[in-house]
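Reader: I have the coordinates loaded and would like to go through a few elements with you. Could you start with a helix and then move on to the core and the domains?

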Amino acid sequence: MSPLRVEHADVVVVGGGAAGLSAALAVAEAAATAPAGRAPVVALVSKVYPMRSHTVAAEGGAAGVVGDDDSLEQHVADTVAGGAGLCEVGAVRFVVERAAGELWRLERWGMPWSRFDDGQVAVRRFGGMTRPRTWFAADKTGFHLLHTLFQTSLRYAGDDGPIRRYDEHHVLDLVLSADPGDPDAQVRGVVVHDQHRGEPLLIAASAVVLATGGTARAWGTSTNAGIVTGDGTAMAMRAGVALRDAEFLQFHPTGLPGSGILLTEAVRGEGGVLLDANGLRYLADYGLGPETPVGEPVPRQMELGPRDKLSQAFWQADRDGRTIPTADGGVVHLDLRHLGRERIAERLPLVAGLAKRFAGVDPALEPVPVRPTAHYTMGGIRTDARGATALPGLFAAGECASTGLHGANRLGSNSLVETLVVGRAAGESALARAREAGPLGLGRGGSGGHGGAAGAGAGVGPASVDADLVDRAAEVAGGYLAMRGRGSEPPAEIRAELGRVLDADAGIYRDADGLARALAAVEGLRERYADVRVTDTGAVLNTDWATTVELGATLVVAHAAVAAALARTESRGAHQRLDHPGTDTIPVHSLATLASSGSLHITHEPVGSPSRQEEDA
Amino acid sequence: MSGQTVRLEVARQGAGTAEGGARDVFDVPYDERTSVLDALQWVKDHADPTLTFRWSCKMAVCGSCGVMVNGRPVLGCETFVRGYRTTGLVVEPLAHAAVLRDLVVDTDTFVGKLAAVKPWQLPVPTMPDGAVQLPLVSAEPAPRGGQDASHPDPAPGPGEDGLRAVGPASGSVQSPGELAAFKGFAECIDCMLCYAACPQLEVAPDFLGPAVVATARRWDEDSRDDGELDRADLLDTEFGVWPCIQVGACTQVCPKGVDPARALRDAQRVATETWESRQTRTDTPR
C-alpha cells in the first residue's frame with residue numbers, strides 16, 4: 001500500500017459552517033492564552049470553502065433572551081413545548097443560558113444585526129416563541145453570521161495561526177484505535193481526500209468535532225443545498241455511534257414550488273398571511289385559529305403556529321381541494337402585499353429577490369405561491385449538551401448533532417443559536433479531550449506555514465504515527481478511491497429515486513404501508529449503490545466520485561430515518577402517522593445503529609437517559 | 001421538460017493542463033425554469049459525468065457557481081437558459097483566475113487577498129466571560145401591551161434551580177443609519193464575478209480586487225470598528241487600491257448590488273486623505 005501523507009492537529013473540525021467555525025474559534029481563542037509552545041492547533045476541514053457552507057442560507061434569525069419582559073425560563077418553556085416530549089431539558093437549559101451571550105459575542109465580532117431606532121439590537125417574533133426574542137440581520141441572518149464567523153476566523157488562520165484550513169478537502173471517514181463497538185475504541189483522526197492535489201491524507205488527532213449539517217437534502221423537494229448530504233452523520237454511525245430521532249424531519253411550510261427554495265418564517269413574523277385557492281386564511285379551519293387580524297401576527301396562532309402544524313394544515317387543505325393546482329402539486333398563497341414595498345425591502349430583501357428571480361412574482365404586487373418543503377433534521381448524532389458522543393474523542397455540533405434541544409419539532413431560530421453555543425462547547429470539550437489524551441505520542445508537526453488548501457508544511461512522516469493507524473487509514477482511502485471507474489448503477493438515478501421515495505412516503509404524514517414501501521425501496525437503493533457507477537477516473541476535483549461518496553452517506557441516513565419512522569407507532573411533533581394518530585404517554589427516543597455488516601437496527605430509550613452511556617450495552 | 005433543447009457549449013480543461021481551448025457541445029432540454037446550473041447538472045447526470053463545476057445553495061447566496069456565459073460573468077443558479085434559446089450558450093470558467101478543472105477556478109488566491117485586508121473587527125474586541133446579568137435592552141416598542149400583555153403561558157419564576165445567563169453580557173449601540181453605512185458592502189458573497197469582469201486584473205493580477213476592497217470598506221465603515229488606518233496601510237500599496245481606474249464593471253456584474261466601484265473610490269480617497277496622519281502615527285498597527 002502506498003504511504004499516506006500524514007498531518008497532525010490537536011482537534012479536527014469537519015465542516016466549516018457556523019457550528020464548525022464556532023468550534024474552531026473556541027480552540028483558536030484558547031490558543032491565544034496557552035503557554036508558549038503549548039498552543040493547540042485545530043484543523044478546519046471543509047469539502048467546500050467555509051463561506052459556501054449551508055449556514056449561508058439560513059434566513060430568519062437566532063433566538064436569545066434579552067429584555068425585561070422575557071426570561072430564560074420562558075425560552076426553555078417554549079422550546080420544550082415545541083419539542084413535544086422529546087427535548088432533553090438539560091440541553092435546552094444549556095443552550096438557552098448561553099444563547100444571548102453567544103449572540104452578543106457575534107455582535108462584538110461585527111455581526112450586522114438589525115437594529116431598533118434607538119440602536120439596540122432588534123428582535124422579531126418567530127413561530128412557537130411566546131416573546132419576540134429572535135435576533136436577525138434582515139432576512140439573511142445565516143449569511144451574515146457565516147461571513148462574520150469566517151472573516152473573524154481568518155485572523156487566526158495565518159501562517160502560524162492556530163487554525164489550519166483544509167478547504168475543498170473531503171473527509172471520507174473517521175479513524176479509530178480499534179474496531180467500532182470495541183469498548184477501547186477511540187478516535188484517532190480522519191481520512192481526508194485533498195481535492196486539489198488529488199490525494200488522500202490522514203489528519204491524526206485525538207479529538208474530532210463533526211459539524212457537517214443535516215440530511216434533508218435526501219428528500220426530493222428540499223430547502224437544503226447540494227452539499228447537505230449527511231456525511232458526518234454516516235461517519236458517526238459507521239463508528240458505532242447511534243443516530244437519535246432520525247424520523248423527525250421538519251417540513252418548512254413555505255418553500256417555492258419545484259425548487260423548494262426557502263421563504264423564511266420571518267415573512268409571517270412580519271405579518272405575511274397564507275391564503276387558499278379562494279383567498280381564505282385556511283389555517284383557521286385546521287386548528288390554528290382563531291383568525292388574527294391581517295398584519296398583526298400573534299405568537300403561536302395562525303401563521304405563527306409551529307411549523308409542523310402549518311405543514312400539516314397544508315397537507316389537509318390540499319386533500320380538501322383548497323389548494324391551487326400547479327405542475328409542482330398544490331400550492332397556497334403567501335401574501336405580504338399589505339406590508340408595502342418599503343417594509344418588504346427593509347426587512348425581507350432576500351425573500352423579495354428570490355420570489356422575483358425564481359418564481360417570477362413581485363411580492364409587493366402579487367401573492368407568492370408556496371408549498372411545504374423538507375428543511376431541517378431534528379435528529380442527529382446522539383450527544384450530550386456539550387456535543388460529546390459516546391465514543392471517546394468524537395464530538396458533534398449543529399444540525400448533525402442531536403443534543404436534545406429540538407425534541408420532536410424545532411422552533412425556528414433555535415438552531416442557529418445552537419450552532420454557536422454547542423459549536424463552541426464542542427470545540428472546548430474537544431480541546432480538553434486532546435490535552436487529556438495527549439498528542440498521540442508525537443511531537444508537534446508542522447513548524448512551517450500551512451497556507452490553507454494546499455495543506456503544505458504541516459506534515460511529518462507516517463513513521464511518527466502508529467503504523468497500524470496509517471495502514472488502516474490507507475485501507476479506508478483505498479476503498480473509496482477504488483470506486484472510480486467501476487460499477488453500473490448511475491448515481492443520479494439512485495439520488496433522484498431516493499428523493500421521490502422520501503417525498504411520496506416519508507413526508508408530512510406517514511403510515512405503515514407507505515413507510516414499508518419506502519423502507520423496501522431504500523434498501524433496494526442501498527443494494528444498487530453497492531454497484532454504483534463512477535465514470536470519472538480523475539484524481540483532482542473528481543466531483544463525480546465525491547458526490548457519489550456523499551450519496552452513500554445520504555442513503556444510510558435516509559434508511560435510518562425511514563426505519564425509525566416505521567418503528568415509531570405514534571404521532572408526535574413532526575412525525576405524524578395517519579394509522580397511529582395518538583401520542584404515547586411515555587415519550588422515547590429512537591436510536592438507529594449500524595452493524596459492521598451494514599445492517600441497521602432501531603431501538604428506543606427513555607428521554608433523560610444518561611448521555612454518555614454506552615450504546616448496545 | 002417540453003421537448004425543446006438548447007445548444008450548450010462548455011469549456012473543458014483537464015486538471016493540471018495549463019491551456020484551455022477544448023469545447024464540448026451538448027443539446028440540453030430546458031423549460032422556462034431551467035437555469036444554467038440545471039443545464040450543467042443535466043449534462044453531468046445524463047451525458048458526461050466528468051464535467052466539473054461548483055454549486056451548492058441554488059439560491060444565489062453561497063457564491064459557488066460563478067461562470068462566464070457568452071463572455072459575461074454570472075451565477076449559474078440564477079441565470080436562466082430560456083434567454084439563450086436562439087443564441088445558445090457558451091459556458092466558460094470565470095476569467096482572471098487559474099483554472100483547476102473545467103469550470104472550477106482557483107479560489108485560494110482570492111481568500112488570501114481577503115485575509116490580507118484584515119476583514120475582522122479592529123481592535124480585537126475583548127469579551128468578559130463568566131456568569132453575567134441578563135442584559136437589558138428596550139424591547140420592540142410597537143406591539144407591547146395589548147394582546148401580548150396576556151401571555152398565553154406565564155413564565156415560570158426562577159426557583160432555586162433557576163437559570164443563569166452565561167457569556168458576554170452586552171454589545172454596542174449602533175443606529176440604523178450607522179448600520180446602513182456599511183450594510184451594502186456586507187452583502188458580498190465572495191462569488192468573484194467582479195474579478196472576472198475587472199479589466200485591470202488582466203494587467204495587474206495581484207490587484208486586491210473589487211470584492212476584497214469592498215469587504216475592507218465594510219469594516220472601515222462599521223461604527224464599531226476602528227481599523228481604518230490599519231487597513232489604509234494595506235490598501236495604499238501598488239496592488240492595493242491603485243490599479244483601479246474606475247471602469248465600474250465590478251458594480252455592473254455584482255449579483256448582490258454591492259457597488260465595489262464605490263468602495264474603491266472611497267478607499268482611494270481615504271488612502272490619500274490619511275496619508276499624512278499615517279506617517280506620523282504613534283500607535284502601532286494592529
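Reader: How many residues does helix α11 of chain A have, and what does it reach from its first C-alpha to its last?

Author: Helix α11 (residues 467-481) of chain A has 15 residues and reaches 21 Å between those two atoms, close to the 21 Å expected at 1.5 Å a residue, where the expected span is 1.5 Å times one less than the number of residues. Helices are DSSP runs of H or I with at least four residues, strands are runs of E with at least two, and both are numbered from the N terminus. This is a predicted model, in which local features need pLDDT of at least 70 and side-chain atom pairs count only at pLDDT 80 or more, while totals for chains, interfaces and linings use all residues. Residues are numbered from 1 along each chain as its sequence is written, and chains are lettered from A and ligands numbered from 1 in the order in which they are written.

Reader: Which residues of α11(A) are buried?

Author: They are A:L469, A:V470, A:R472, A:A473, A:V476, A:A477 and A:Y480; buried means that 20 or more other C-beta atoms, placed from the backbone, lie within 10 Å of the residue's own, exposed means 12 or fewer, and partly exposed is in between. Seen down the axis of α11(A), these buried residues fall within an arc of 165°, so they line one face of the helix, the arc being that of the directions from the helix axis to the C-beta atoms.

Reader: And which exposed residues are on the face turned away?

Author: That face of α11(A) carries A:A467, A:D468 and A:G479.

Reader: Which residues have the most contacts inside the largest nonpolar core?

Author: They are A:V11, A:V13, A:V208 and A:V209, in a core of 291 residues; such a core is a set of buried Ala, Val, Leu, Ile, Met, Phe, Trp, Tyr and Cys residues joined through C-beta atoms within 7 Å. The largest share of this core, 16 residues, comes from α14(A).

Reader: What are the domains of chain B?

Author: The assignment, which is automatic or from a database, gives domain 1 (5-105) and domain 2 (108-123 + 175-279) of chain B. Their centres, taken over C-alpha atoms, are separated by 28 Å.
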